[in-house]
Amino acid sequence: MKTRLLLLLLPLLATTLTFPVVGEEESRTWTNHEGKTITAALVSLSGDQVSLRLENGNVVPVPATTLSKVDQDYLRQWVDSKKAMADAKGTDDPEILPYSGPPPATEWPRTFSAEGDADPIVVKEDAEAKEFIYETEHYEFVCDSKFSTNLVKEFSRIFEATYELNCHLPLDLKPRPERLRKKFLARIFTSREDYMSNGGMAGSAGVYSSGKKALMLPLESLGVKMVGSRVSIDYSAQDYRTLIHEITHQMMTHWLGPLPTWYTEGSAEYVELAEYSRGKFSFLRHDDNLQGHLARWGGGEFPMVPVERLMTISPREWSEAVASDDTNYNYPSALILTYFFYHLDGDGDGTHMIAFLRGIEKLERPSDEDVNALIKEHLLRTRDYATLGDEVAKAMRKLGIKIAFPDS
């Protein structure tokens, strides 16, 4: 199984911002380094100080550094979701650029060719500081080695093409850079050791840092390699599927807070599934590619995560499942469900998923209750989870894919 690019959230103690709770957070069990526990609801986070409301109503301050790793991970995810929800409010925030890309297509594409400008310009080349900056229309690439403009054009095409494709899909995602940025940022490290020392994860092909607002990548992830002191294209290593997956996540950064986890992953898996070559995507064999993709998890029936479990899983539960089991079925299950809502549900044109996204856009500060209500209205509709699971299995059988729900 491929190693994914991992999401590196804003380090908890690096933030000086205050994040108050909008509405009432549910109580949970908090544990300190000594193993002592309390049940309390999160009130706010300011710097490294957490305010918790006890069951008796008293609010107590707790230094984040005294909490367990699980609790600190929870806080990182919570901060990231609040930042993403703030980004999702729209273009009224002067720190967020308005969307200026092309309008979405009215139908799902069968093929797509990027038309934008992928020709890079040299912004800075400082050999002494080992800082080389190149820009394309929507991306800024900060590198520690000098690249020729032809080489930058070769690997930047995948970034620009993935951006254009996500603009073109009838989902109307309106991709735009993170707050305070004019372009999406990718930081590229020649050696894996430098990549690791700058926050890279062992065995990963890259890391997305919300704190640095950047994709951080080792050179090898871009289909290029060092030949002596020169950087050269490595055509044998040009498998961009995982990179496309994570670029899509970055394109959707302002959606990541309110969207359910299964869909943020499933939508990236969907784009990754398309066949890509030199700025062109093909969906002509998407059904066959889905079948072949699922075959990697073994022949026969695919053991899909039960629909209710999949659609209600929290970001924390998802991360824990991925960390504890390298062969977990969350990603392909999310892909199946996303594929169903795009092409097999209702009239097969994605109408209900698109209506779900438009519903989220209308909410100023979408809560879990708001999102769940929209899921019920647009995705479940008159069905319960069991009925939806049966419909998914039936639709997959028509594509020659057999699935079962072993835990249901």
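With which side chain does that of K153 meet in a salt bridge, and at what N to O distance?

Author: The side chain of K153 meets that of D119, at 2.8 Å from N to O. K153 lies in helix 2 (residues 149–168), while D119 sits in the loop between strand 7 (111–113) and strand 8 (121–126), so the pair ties together parts that are 34 residues apart in sequence. Here a salt bridge means a side-chain nitrogen of Lys or Arg within 4 Å of a carboxyl oxygen of Asp or Glu. Helices (H or I, at least four residues) and strands (E, at least two) are DSSP runs, numbered from the N terminus.

A word on the basis. This is a predicted model, in which local features need pLDDT of at least 70 and side-chain atom pairs count only at pLDDT 80 or more, whereas totals for chains, interfaces and linings use all residues. Residues are numbered from 1 along each chain as its sequence is written, and side-chain values use heavy atoms, with hydrogens and water left out.

Both partners are partly exposed: K153 has a relative accessible area of 32%, and D119 one of 41%. Partly exposed lies between buried, under 20% relative accessible area, and exposed, over 50% (1.4 Å probe, protein chains only).

Helix 2 also holds C167. C167 is buried, at 2% relative accessible area. Leaving aside residues up to four places away in sequence, C167 touches Y99, P102, P103, P104 and P175; contact means heavy atoms within 4.5 Å. Y99 is 68 residues from C167 in sequence, and their C-alphas are 9.9 Å apart.

The structure has 17 salt bridges. Another one joins R285 to E275, with 2.6 Å between the closest N and O atoms. This pair links distant parts of the chain, 10 residues apart: R285 is in the loop between strand 17 (280–282) and helix 6 (286–295), and E275 is in strand 16 (residues 275–277). R285 is partly exposed at 42%. So is E275, at 30%.

A further salt bridge, of 2.7 Å from N to O, pairs E361 with R358. Both residues belong to helix 10, three residues apart, or about one turn of the helix. Salt bridges with shared partners join D172, K174, R358 and E361 into one network. E361 is partly exposed at 31%, but R358 is among the buried residues of helix 10.

Now helix 10 itself. Besides R358, its buried residues are M353, I354, F356, L357, G359 and I360. Their cover includes helix 5 (261–273), helix 9 (330–343) and helix 11 (368–380).

Helix 10 packs on helix 11 at about 155°, with the axes 9 Å apart. Axes are lines fitted to C-alpha atoms, for helices over the stretch in contact, and angles run from 0 to 180 degrees between N-to-C directions. The two helices are therefore roughly antiparallel, a label for angles over 145 degrees. Helix 10 supplies H352, M353, A355, F356, G359 and I360 to the contact, and helix 11 supplies V371, L374, I375, H378 and L379.

Last, the whole protein. It has 12 helices and 19 strands. Of its 408 residues, 50% count as buried. Among contacts between residues at least 6 apart in sequence, 65% join residues at least 24 apart.

How values were computed: Angles under 35 degrees count as roughly parallel, over 145 as roughly antiparallel, 65 to 115 as roughly perpendicular and the rest as oblique.
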